[in-house]
Structure formats: structure tokens, C-alpha cells
Amino acid sequence: MEFSGRKWKTLRLAGDQRNASYPHCLQFYLQPPCENISLIEFENLAIDRVKLLKSVENLGVSYMKGTEQYQSKLESELRKLKFSYRENLEDEYEPRRRDHISHFILRLAYCQSEELRRWFIQQEMDLLRFRFSILPKDKIQDFLKDSQLQFEAISDEEKTLRDQEIIASSPSLSGLKLGFESIYKIPFADALDLFRGRKVYLEDGFAYVPLKDIVAIILNEFRAKLSKALALTARSLPAVQSDERLQPLLNHLSHSYTGQDYSTQGNVGKISLDQIDSLSTKSFPPCMRQLHKALRENHHLRHGGRMQYGLFLKGIGLTLEQALQFWKQEFIKGKMDPDKFDKGYSYNIRHSFGKEGKRTDYTPFSCLKIILSNPPSQGDYHGCPFRHSDPELLKQKLQSYKISPGGISQILDLVKGTHYQVACQKYFEMIHNVDDCGFSLNHPNQFFCESQRILNGGKDIKKEPIQPETPQPKPSVQKTKDASSALASLNSSLEMDMEGLEDYFSEDS
Amino acid sequence: METFDPTELPELLKLYYRRLFPYSQYYRWLNYGGVIKNYFQHREFSFTLKDDIYIRYQSFNNQSDLEKEMQKMNPYKIDIGAVYSHRPNQHNTVKLGAFQAQEKELVFDIDMTDYDDVRRCCSSADICPKCWTLMTMAIRIIDRALKEDFGFKHRLWVYSGRRGVHCWVCDESVRKLSSAVRSGIVEYLSLVKGGQDVKKKVHLSEKIHPFIRKSINIIKKYFEEYALVNQDILENKESWDKILALVPETIHDELQQSFQKSHNSLQRWEHLKKVASKCQNNIKNDKYGPWLEWEIMLQYCFPRLDINVSKGINHLLKSPFSVHPKTESHSVTQAGVQWHDLGSLQPLPSRFKQFSASPSQVDGITGRISVPIDLQKVDQFDPFTVPTISFICRELDAISTNEEEKEENEAESDVKHRTRDYKKTSLAPYVKVFEHFLENLDKSQKGELLKKSDLQKDF
């Protein structure tokens, strides 16, 4: 390992001693790490783990947990991000260390609200379940012992005394004999999910649990402990947040979008205004399609809608001049006085292009941001239709978009399971007539780019002859930037502080 | 035959709380050997007073405080709640959110009205010897599970005073159980699911859990007499149609025919068993599993618990030795019927004749005492011979007059008087059952105290 250029102390452990601190490839994160690390590593680890947990979530939705595909894809994610997952590999210390530290960093970010906690606990549980499922049998007992769980396997004599009862009680056991199955004797209250459904044999206050079911119990233990830990963490969070080095990262990690930010587009000036109507039905995601429609129909959009849609348009390549023209044309149709537009709204548009005030070039909103913040109210058209629309209305909308009934019901199921972005991916697949959209949707502009790619046969958006020819770098859609620029984009989305803009418009008309 | 005015109740209660209520045993119970400091002082009681005035968050410093307050307030009904973090009667002085229920016994409430869809003799608040067997079976099934499956040692079963039974599980570890675990226990013990709109309420899967198997074995002991004779569930077309609704339509015709030809429920049940077992082997049906006979038996006999009573730590439940204040009507047709011998009706001994219930006197009788049930004699328990408050007050009067004549010259302290008073009434055997329960509790608590004093190095 190279340590040059980083100011940190390391614990100098010799090979064997190092492994002693992480004897297993998985753990319950009972002890927080106590090392010094650099800020850069701190940020990197955090971002990598967020990526990992997001993959866990996506894969869990796209594939049945426990199937071949799920396992192999998750393994490759873990390998790619260099986190631990399997025993018997060379030099396991570093991946396990990364796993350990990154988990605790994320606790700081994800303890802040009920929704965040729930998400974090769910993904961490799925990850642990996966790691446990690939643990070889002989390692299981060791792992349980080291994790201070009082699960003891019973002797063979004890097994034979009760084998019929145990077999009759446990759905996970088939056949007439217990054979070499390990049975664990634990206090009944520790096996709540098993005994409440009569899925385990109870005798004198103890549950006799086969190995397969022990996993469920372990996961419950883990969930309970993690939940408590997050509550405790939340209480000590103010002290942590007052450290200014950490504050920006922690504040935005949970809302972080760790991919491309679509701010520096290579296709500026490639769209003409008269293309927008047809593009809105062919290549816009439903959130933007509905905003465009509302704008055309009402000749007006409220603040939230203007921000979400306006930045999106910037992201697909509208120039400032085009944007000003676009919005003014539409608002004037709504009987707005052109002067009023210039006074009130044009400032806003220029501001969002970075031509006023702080001169920050605002980045278009990611899916996460749209889903999690600023929910729409009556008269608003922004937000994510999959998240914010009533299912009945969503169904009607999809029908009006000519989606097939089968597709609609699949989408509604995904929405019910709160998988909004996957639902949008499904919409993408339906309107482009493909089986697999081939990407993991995170950003409305990503939707647009991918759509254009398919429709134009893999080429960039056709240039309008009117627009000046400028050498443009190719848009790097799939490459994820390295950590420092991801951080930079995080920082700039940091500045996405609406307060400054709010001051300038007191109310939406 | 003496009758009693409901307006007599306050006087009767006064006498009851002064001379008959078993305070020292009661305190012994709820103090739990003094192992935990302030356990009794932090216990919530609630009282229902005259004119239906209900007051919560009553708590007491010790046994004599309890006695004084109860005699002063003369409650019509007493409920026991949880042990809180602070004295309940001071809960208003505690910072918001700090006053929390911390521990309580695990309790069960089994109520006869929950069986109205399967008992033909009575409905709602009525009970009779024919349907009381449901309670007997419930006690046996639930108690076996609490003892053998969950390992609970200190279980007190109490007659509720009207139409059901309660169970108080008092083990130390049990009092600390969370609401989630309590709910889980009730779920484990539940088999009959569905309300009025559900016809078939019991569905068994291929694999039969030992709990179900053992419960069925208990029901088998009572089924013939209870269901086929007393309830006569296959008596006529109306009644057997209800049972046919629980089995696949494919065997309805065959069963209807054999039912017509049979003469009584016993014969019809034999037919049903034969046909059902044949059908099991032939049909792979999703709605009906392989255990039709058992599913019917369970639907008609298995206990029905109210989860809301058991899951909440702060739930208030009627106290043992509380009086049931409502007048009751019941359909006993004969005064003094010997319980387990319905074939021959035997009158009670003459001494009690003048106090026993008879239909014409029913409306005048005030309530029964919630008495503990002797588990060793659960089959013989007869709710109709449980003494009413009026009954034991009369007994006390009669006995006291005799005693006064005898012991006029002896000075007796009031307390000694009282400790023997209940013993002379029909309440005595029930207090004995309670004391037996307390002895077991004491034994386990002695162990705790020893451990504690060892730790503190007290000798």
C-alpha cells in the first residue's frame, strides 16, 4: 500500500496481527473503527459505500434475492468497489477495513431521518444476508461465536429426543430425519418472527432452530442493534456536524447523486425550440413531459416547476438565449405583460444559468433530489409522477401515453414497492420498445441522453445547421467521475440553495 | 327466598372490603417479595365507583394504605394496570414523556361472546353448563402451552365473574416482556381466524405443529360430550349445513344422504370422519387441506383470544377478587344443579338452599366474585356455584352473630377477626387456591433475594 501524499497515522500491524482485527469477511459492526484517516479517504469510502448500497437496492428489485444472477452481480459490485465479501481470498485486510470504516461513516449521514434510517438498515441487512448466504458451513459457527451471539448447537442426543417435533415445526426442514442438520437452542423471545407464526418448535421456553432459520434471527438482531445505534448516533450528530470539514459531506451524502451531473454538457446549442414539443413525447422522462404539457396548457409554471424543468432544459442543451425566448414566448401567451416577465422571471432564468448573483452554474436535479425534496402541492406539476401522483391518476396518465396494460400494471407494482426510478426505467423500456433499458436511472437528463442514443442509432443529437459549429467534447454518459470531481459536483449542488433565489420572488402568480 | 336490591351493593361492598377481601395475600402477590424496590408503589390500579365514575392512576404505599383507600372509596370494580416508572398517583408531576409503563404480567382474556357463532345454547352474555366446557378446554389448551412450550411457571387463572376467564402470567421474566413478544405469543396461540364474513375459520397446512397436535388431543377428550351431545352440532339440517360449509362441495351430497339416514350427531360425525378421510386422499384442493376433521373440531372448540388485552403493557384488566357489579341473567333451569352430572339433578345441601339462584330471583342477584380457578380441578369448576357478594355477606352475618354470642368476653383484635372472616365463608377455598399460587411465587423469589443478597454481600 502506498501512503505517500497522505497525512495520516497508521496502525502498523504485521501481516498476521492485521488479520486478527478482522477475522471474518463479514461483521455486525459492533465496534466503531479507531484510526486516523485523511479527509479524502473519508469521502471516498463514503461515496463508494453509497454506490454499493444503491446497487444492493437496484439488484434487489431487478432480481430475486438469492438467485444466481443476483449473487453474481452483487459479487461483481463488491469486487469492483473493493469491499469484502468472501473468505479465502488473498490479503483480505484492506477490503474488510474499507467495509468497516465506510459503514460507520454512513451511519452519520443516514441517521438523520426516519426514511433515511429505514433505507440504510434495509440495504445493510440485504448486504449482510447475502454475505452470510455465501459463508461456508464450517465458518458459520466461528462467526457466530466471535460475534457474541449466544447460539449454541445442541448435541445429537438432544436432537434425537425431539427430532419429530422439530421436523414437524420447521417449514424449512423436509424429510423424515434430521441427519446432519445443526439445530440451535435459543430463548424463545429471541426467535420472535419464527415462533409467532408457529414455524419453530418450542419447549420449556426455548426455540429449537435449524440453521436455515438462524439467519432470519441473526438479521433481526442486526436490525435491532443497528436501529438503536442509529438513534444514538442521531443524538450525537450535532457535535459531529459542527466539524466544518465534515458538515458539507454529511449534509449531502444522503441526498448525494454520485454520477454525472449533466452540468457541462457537450451538446449545448444542439436543440432548437421547435424540437421540444416532439422531444417531450419521445425522449423526456414523465416528470418533464408533464411539466412541458402543463406549461403549454397553462402558459405558466410555478416556481418548483420552473426550477425543475428549466434546469433540465439547460441540461439537454438549451442556451440562455433560447431559454429566455422559450419561457417568455409561453408566458406571454398566458396574457403576461412582457415587462413583468423581464422584471421578474428573466432574472431567475439568468441566475440559474450562472449569469447573476453568485454566478453558480446550477445543475439539473437528479431523480433522488426530485423524489426526496420539495413535494408538489395543489397546482404544482413538478416532482416525480411515480412518487407523487395518486396511483389512479398515474394509471390514466400512462394510458394516455399509450402504454400497454401489462406494462402499466408492472409499473404500478413497482410504484407500490416504492421503486420509483425502476418504474421510470420500465416506462423507458415501454416507449422505446426495448426489453432492458441497459442503465440504472438516476437522472432525468440521463433518461433523455439514453433515449436520444437509441432513437439516433447511437449517434449524438443531430446538430441544427443554424447553430454555430463549436468543437465539443463527447458527452461522457456512462463514465462515473472519480471521487474528487464527484465531490466537487456535490459541493456545487450544495450551493443549490434556494434561499438566495426565493428572496427575489415573493409569490408565484 | 331472599332477594337483594341493587341499591344494597354499596353496603355489601363496604362489608366486603372491611371484612372479607384478602388484603394480605393480595399484597403478597403484587409486592413480589419486595425483590424490586417500589414495585407495589408504582403499580397502577383503577377504580369504578358508584354511578359509573371511573378513576385511573391510583397507587398505594403499602398494604394498609391499600386497605384504607379501598374501604374509603368502596369501588364497584377494581382493575390492575402496569408497574410504571413513577408512582401513578403522582404522574401529573412527572416531566412529559418520562412517565412510562415498564412492566406487567402477561394477561389473557377469554370471553364466551367470541364463540357465539359456534354455540347453540346461548349467546352474548349468557352462559350455561352446556357451553362452559369451551372455557374448560380453553384453559387446558392455553395453560399447557404456556407451561410446556413457553416454560412459564406462575400462571393464575381467574373466573371473570360473568362469562369468561382471565389468565395472569406472573413470572419475573414475563413481566418484562415487550409488547411485540406478547403479541407474538398470542399469535402462536391463535388458530381461529376471521370475523362474521368468513365461513371457514381454521386452515391447517400439511405439516402439523406440535402445538396444534397437542391441542387437538385435548379437544378430543371433550369433543363427544361437548359438541355431539350437549351442543348437538349435527342435530338437524340447519345445524349440519353450517358444518357442510366447512368441507369441499364434492362431498356434500354424500354427507347429506348419510346424515338423513342417521339418528343423532354421534352417528353423523362418524360418517363425516369416514367421508372426510377418503376425500383427503383423492382431492388436491387449495381451499381444503388434508385435515378436515380436525379443522372442524378446532373451529368449534379451540380458544379465541383477544389480542388487544394481551399485547399492551399498560392494559388494565379486572382484578382477582373484584366483584362483578352487573346483574346477570342466565339460563340455568334448575336451582342447585350438580355440575358434572347433568343426567341426575341433585339439590344442594339444605344449608345453602335459601341463597342459591333460581330463575325468578335472577334479576335481584348482585355479582359474583372473580375467584381463582384450581387448575387441578378445572373440569369440576362451576361458575354458577361461585359465591356472589350478597351470598358471602349473608354467610358472614350468620356466622358473626353466632360468634358474638360465643366470644362476647374475649378481646379480639380487628385484624385477627378479619383474617379468619373470609375463611368462614364460601370464599375460603378460592383464597386457598390463591395461596397455593403465592407459595410457588415465594419459592422462586426466595431464590432471587438470595442471589441479590449474595451479590451485595449481605449476610
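Predicted model: local features only at pLDDT ≥ 70, side-chain atom pairs only at ≥ 80, totals over all residues.

Colleague: Where is A:Cys287 placed, and is A:Cys287 buried or exposed?

Modeller: A:Cys287 sits in helix 12 (residues 286–298) of chain A. Buried means under 20% relative accessible area. A:Cys287 has 9%, so it counts as buried.

Colleague: Which residues does UniProt list under "binding site"?

Modeller: The entry is unreviewed, and the feature "binding site" comes from that record. Its residues are spread over 138 residues of sequence, yet they cluster in space, with a largest C-alpha distance of 10.1 Å. The lining of the second largest cavity includes A:Cys287, A:Cys367, A:Cys384 and A:Cys424. Those are the residues the record lists: A:Cys287, A:Cys367, A:Cys384 and A:Cys424.

Colleague: What is the relative accessibility of A:Cys384?

Modeller: A:Cys384 lies in the loop between helix 16 (367–372) and helix 17 (385–388) of chain A. Leaving aside neighbours within four places in sequence, A:Cys384 contacts A:Ile370, A:Ile371, A:Ser389 and A:Tyr420. A:Cys384 counts as buried, at 10%.

Colleague: Over to chain B. How many residues of strand 7 of chain B are buried?

Modeller: Strand 7 of chain B pairs in the antiparallel sense with strand 5 (residues 106–111) of chain B over six bridges, and with strand 6 (residues 155–159) of chain B over five bridges. B:Gly164, B:His166 and B:Trp168 point one way, B:Val165, B:Cys167 and B:Val169 the other way, and all are buried. So strand 7 of chain B is largely enclosed by the rest of the structure, and the count is six of the six.

Technical notes
Residues numbered from 1 in each chain as written. Chains lettered and ligands numbered in written order. Heavy atoms only, no water. Buried < 20%, exposed > 50% of the residue type's maximum accessible area, 1.4 Å probe, protein only. Helix = DSSP H or I, 4+ residues; strand = E, 2+ residues; numbered from the N terminus. Pairing = 2+ DSSP bridges. UniProt positions renumbered as here; feature names shortened; annotations may be inferred. 1 Å grid on protein atoms, 1.4 Å probe; cavity = no way out; pocket = protein on both sides within 12 Å on 5 of 7 lines; lining within 4 Å. Contact = heavy atoms within 4.5 Å.
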